[in-house]
Amino acid sequence: MEAKINIQDVTYTYNDKPALKDVSLDVPAHAITVFFGPAGGGKTTLLRLINRLNDLVEGTRLDGRILLNGKDVYGQEVHVPDLRRRVGMVFALPLPLPMTIRENVIYGLRLAGVRDGSKLAEITERSLTQAALWDEVKDRLDNPATALSGGQQQRLCIARSLALEPEVLLLDEPTSGLDPISTAKVEQSLFELRESYTIIIVPHSIQQAARLADRAAFFLMGEMVECRDGDDIFTQPRDRRTEDYVTGRFG
Amino acid sequence: MNRHLSQRIGFGFTALVTLVVVAPILLVVGIIVVRGIGTVNWEFLTAMPRDGMKAGGIFPAIVGTLILTVGTALVAIPIGIGGAIYLSEYARDNWLTRAIRLAIVNLAGIPSVVYGLFGVALFVIFLQFGTSIVAGSLTLALMTLPIVISTAEEALRVVPVEFRTVSASLGGTTWQGVRRVVLPQALPGIITGVILGLLRAAGETAPILFTVAAFYLPRLPSSPLDQTMALPYHLYVISTQVPGMPIGVQYGTALVLLALVLSMNIVATIIRSYFRRRRQW
């Protein structure tokens, strides 16, 4: 499989405490890669390093390289807002911006300077459809986004990222606050998006990891223990620690 | 002692304390209204003073105070909100920004007469604005800035940090996030701070004493470099500097100043609740 993202020897410290220790792995294009493991393993940190959201945090130090399409995302010539448009992010809690449903979807496009009304309308419909939300909200696009249910809000957040047509979609426990039906809808749309996007997801359970993973990496206390195809890592893990985790001995 | 009794005593005590706080305010307002209302009529509000200010109206003082308030707002609002945005959204937490914050807190505690003297030294003499509306407005603005900056910064900080993260994650620059998400959410709080600051400026005497206020100027100012009468200073003058002043004129002037300040307060409350209703979190 062609690698979309190469993570090379990444060590990351926060106030001199290591959050990631010498992590290397390749993320394949047009597939779902799962970062899983117990809390505090560094999954979310690595996710936020890929689109440089951790730039906002003070007192950190990054060694190693993260390549997107072979280019260092921390390189001199990288325009960070542009990078974040190409690498979208969905957070653990649904965080609609305090505006209407429509304005939420096109927020990123507006910032990028898109003004063409018909184009905005078209992208609104397309992204909401991709996030499996269009039918539920098409008649109330100008209502406040906060009036939606939690599950709808999270799908809105996915649509909001998709509206920018990113190359990569990062999802940090996107279904942790959702009921099973909403979770199934989100997972279904991720399967459909896999064809056209590179997806990295931190799942909220080992079961979800197993359901979604084309490729999976197990993180434990800042180390990447093993990274293999999804079918293999859950059925025949190589590392003892991975086996203990997937069989429920800890975590 | 049983619980119900001690609760009743507790309630009784807090009610008493509340009364102690509220009673003087009601008394002050009440006395001013009772003694002043007889003097306040259309002529009092719209005519020039006559007979050494003992008769006629206080029109130039009312206009002067309004002009000074607007002048203060023109300077204090952009600088104050700009400073607050810088401190809350851009500045890193280091010794410099901590020093700036400390300075702002301390500036808020400086007596207003010191601002007045500083205004004379800087604006009236050094910058050669003379005793003028410009010098007075700048002095009042200086005094208002700490209030505006600290309340506006506080209002910006209570906007959840997640909104900024989301905006950044969608390709927004810091400024885009501030302008499109953070600032609209912080607006009610910022407006409150601005109005509080302006109210203080409108009622102050000391800062305008040497920088703009005219003792007796029975006409409207003709340019920003002109002097003007102003309500708080006029009140001071007719209460202490002019013998034989009718008491009704003094209380009438106080009533007008009070009404002006309170009505600004009410307008602020209305604006604030309007924006708060539109807030969606």
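Strands S4(A) and S5(A), the latter covering residues 71-72, pair in the antiparallel sense over 2 bridges; pairing requires that DSSP finds at least two bridges between two strands. Strands here are DSSP runs of E with at least two residues, and helices are runs of H or I with at least four, both numbered from the N terminus. The model is predicted: local features need pLDDT of at least 70 and side-chain atom pairs count only at pLDDT 80 or more, whereas totals for chains, interfaces and linings use all residues. Residues are numbered from 1 along each chain as its sequence is written, with chains lettered from A and ligands numbered from 1 in the order in which they are written.

On S1(A) (residues 3-14), S4(A) (residues 60-68) is paired through 8 antiparallel bridges, and Asn6(A) has Leu67(A) as its bridge partner. S1(A) is also joined to S2(A) by 8 bridges, again in the antiparallel sense, with Ala3(A) opposite Pro28(A).

Helix H3(A) (residues 101-111) packs against helix H6(A) (residues 150-162) at an angle of about 35°, with the axes 7 Å apart. Axes are lines fitted to C-alpha atoms, for helices over the stretch in contact, and angles run from 0 to 180 degrees between N-to-C directions. The residues of this contact divide into 5 nonpolar, 2 polar and 1 charged; Ala, Val, Leu, Ile, Met, Phe, Trp, Tyr, Cys and Pro count as nonpolar, Asp, Glu, Lys and Arg as charged, and the others, Gly among them, as polar. From H3(A), Ile101(A), Asn104(A), Val105(A), Tyr107(A) and Gly108(A) meet Leu156(A), Ala159(A) and Arg160(A) of H6(A), contact being defined by C-beta atoms, placed from the backbone, that lie within 7 Å.

Ala159(A) is also listed, with Val34(A), Phe35(A) and Leu170(A), among the residues with the most contacts inside the largest nonpolar core, which has 142 residues. Such a core is a set of buried Ala, Val, Leu, Ile, Met, Phe, Trp, Tyr and Cys residues joined through C-beta atoms within 7 Å. A residue is buried if 20 or more other C-beta atoms lie within 10 Å of its own, exposed if 12 or fewer, and partly exposed in between, with C-beta atoms placed from the backbone. Not counting residues up to four places away in sequence, Leu170(A) touches Leu47(A), Ile50(A), Asn51(A), Val87(A), Gly88(A), Met89(A) and Ile200(A).

The contact between the chains takes 20 residues from chain A and 17 residues from chain B. On the side of chain A, H2(A) gives the most, with 4 residues. That side divides into 12 nonpolar, 3 polar and 5 charged residues.

Chain B has 11 helices and 2 strands, and its C-alpha trace spans about 70 × 65 × 35 Å along the principal axes. Of the 281 residues in chain B, 41% are buried.

Conventions:
Contact = placed C-beta atoms within 7 Å.
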